[in-house]
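Ready to look at a protein model and ask how we know what we say about it? Let's take the labels one at a time and check each against its rule.

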Amino acid sequence: MAALTPNSCLPYRELCTREYGMQITNGRCCSVVGSSGRGLMRRLESDRIVIRRKTRGEVQKLGAFWQDVSRPTSIDMEPINSLEEFEEILRKSQENSQPIVVDWMAAWCRKCIYLKPKLEKLAAEFYPRIKFYFVDVNKVPQTLVKRGNISKMPTIQVWKDGEWKAEVIGGHKAWLVLDEVREMIQKNI
């Protein structure tokens with residue numbers, strides 16, 4: 001049974017208190033209350049509580065996970081709308097020695113639309129080392145599209161030191177594209 005609550009720890013806290021006689025304070029297991037003969041064992045990890053319960057010789061493993069809120073899970077890619085803006089972004093990235101990833105897409109391209117939120121999640125993995133941008137090829141001058149040497153969409157490129165380093169043309173399954181993009185980024189940073 002799933003329940004949506006403002007505090008995701010509440011359902012787990014109630015379960016531990018009611019079913020297993022445990023107290024949880026501030027997302028951490030603080031003590032085992034009472035003895036029920038079930039053989040409860042607990043282990044604290046950095047972002048997770050693992051509770052093991054022995055029943056008739058078998059061990060059941062229960063766990064609770066807390067999301068790491070110190071890091072973003074998704075970062076919106078910034079749009080590039082002109083050749084001058086693109087050149088300025090390349091200049092700044094060269095000054096800061098920070099590579100950039102550019103997603104060349106089109107609003108009518110289904111694979112591009114499907115891939116964009118997945119790339120935004122990937123951007124969170126590499127935040128703040130790499131900035132991610134996107135270009136809608138139908139909304140920008142063709143000189144910008146020619147500058148990127150784009151012929152197919154979606155095309156994801158890595159630019160470093162003001163120069164094109166590598167690209168992935170994403171005409172296949174999104175998870176394969178993301179693996180290729182991740183590998184391309186790691187090779188070129």
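Below are some questions and answers about this predicted model.

Q: How many helices and strands does the chain have?
A: There are five helices and ten strands in the chain. Of its 189 residues, 36% count as buried.

Q: Why is Ser 97 called exposed?
A: The label needs a relative accessible area over 50%. Ser 97 has 55% relative accessibility, so Ser 97 counts as exposed. You can find Ser 97 in the loop between H2 and E7.

Q: Why is Asp 161 called partly exposed?
A: Partly exposed covers the range between the buried cut-off, under 20%, and the exposed cut-off, over 50%. Asp 161 has a relative accessible area of 36%, so Asp 161 is partly exposed.

Q: Where does Asp 161 lie, and what is its phi?
A: Asp 161 belongs to the hairpin of E9 and E10, which has two residues between the strands, and takes a positive phi near 55°. Asp 161 is a residue other than glycine with a positive phi.

Q: How do you know that E9 and E10 pair?
A: Two strands pair if there are at least two bridges between them. Strand E9 (residues 155-160) and strand E10 (residues 163-169) have six bridges, so they pair, and they do so in the antiparallel sense. As one example, Thr 155 has Ile 169 in E10 as its bridge partner.

Q: What makes E7 and E9 a pair?
A: The rule is again at least two bridges. E7 and E9 are joined by five bridges, so they pair, and they run antiparallel. Here Asp 103 has Ile 156 of E9 as its bridge partner.

Q: What is the order of the strands in the open sheet?
A: Its five strands come in the order E6-E8-E7-E9-E10, with mixed pairing.

Q: Why are E6 and E10 called edge strands?
A: Strand E6 (78-79) and E10 each pair on one side only, and that is what the edge label describes here.

Q: Which helix lies across E6, E7, E8 and E9?
A: Helix H2 does, and H2 runs at about 160° to E7.

Q: How do H3 and H5 pack?
A: Helix H3 (residues 110-125) and helix H5 (residues 174-188) pack at an angle of about 35°, and their axes are 11 Å apart. The crossing of H3 past H5 is right-handed.

Q: Which residues make the contact?
A: H3 brings Tyr 114, Leu 115, Lys 118, Leu 119, Leu 122 and Glu 125, while H5 brings Ala 174, Val 177, Leu 178, Val 181, Arg 182 and Ile 185. Sorted by kind, the residues of this contact are nine nonpolar, no polar and three charged.

Q: What is in the largest nonpolar core?
A: This core has 39 residues, and those with the most contacts inside it are Phe 132, Val 181 and Ile 185. Several elements give two or more residues, including helix H2 (83-96), strand E7 (100-105) and H3. H5 gives the most, with six residues.

Q: What does Val 181 touch?
A: Leaving aside neighbours within four places in sequence, Val 181 is in contact with Leu 119, Leu 122, Ile 156 and Val 168.

Q: Why does Asn 138 count as partly exposed?
A: Exposed would need over 50%, and buried would need under 20%. Asn 138 has 49% relative accessibility, so Asn 138 counts as partly exposed. Asn 138 is found in the loop between strand E8 (131-136) and helix H4 (142-147).

Q: How far apart are Asn 138 and Ala 107?
A: They are 31 residues apart in sequence and 7.7 Å apart in space, C-alpha to C-alpha. Asn 138 also touches Ala 106 and Trp 108, with residues up to four places away in sequence not counted.

Q: Which peptide bonds are cis?
A: Among them is the bond from Tyr 127 to Pro 128, with omega near 0°. Another joins Met 153 and Pro 154, where omega is about -5°. Pro 128 lies in the loop between H3 and E8, and Pro 154 lies in the loop between H4 and E9.

Notes. Residues are numbered from 1 along each chain as its sequence is written. This is a predicted model: local features need pLDDT of at least 70, side-chain atom pairs count only at pLDDT 80 or more; totals for chains, interfaces and linings use all residues. Side-chain values use heavy atoms; hydrogens and water are left out. Axes are lines fitted to C-alpha atoms, for helices over the stretch in contact, and angles run from 0 to 180 degrees between N-to-C directions. Helices (H or I, at least four residues) and strands (E, at least two) are DSSP runs, numbered from the N terminus. A crossing is left-handed if the near helix is turned anticlockwise from the far one by less than a right angle, and right-handed if clockwise. Contact means heavy atoms within 4.5 Å. Ala, Val, Leu, Ile, Met, Phe, Trp, Tyr, Cys and Pro count as nonpolar, Asp, Glu, Lys and Arg as charged, and the others, Gly among them, as polar. Buried means under 20% relative accessible area, exposed over 50%, partly exposed in between (1.4 Å probe, protein chains only). A nonpolar core is a set of buried Ala, Val, Leu, Ile, Met, Phe, Trp, Tyr and Cys residues joined through side-chain atoms within 4.5 Å.
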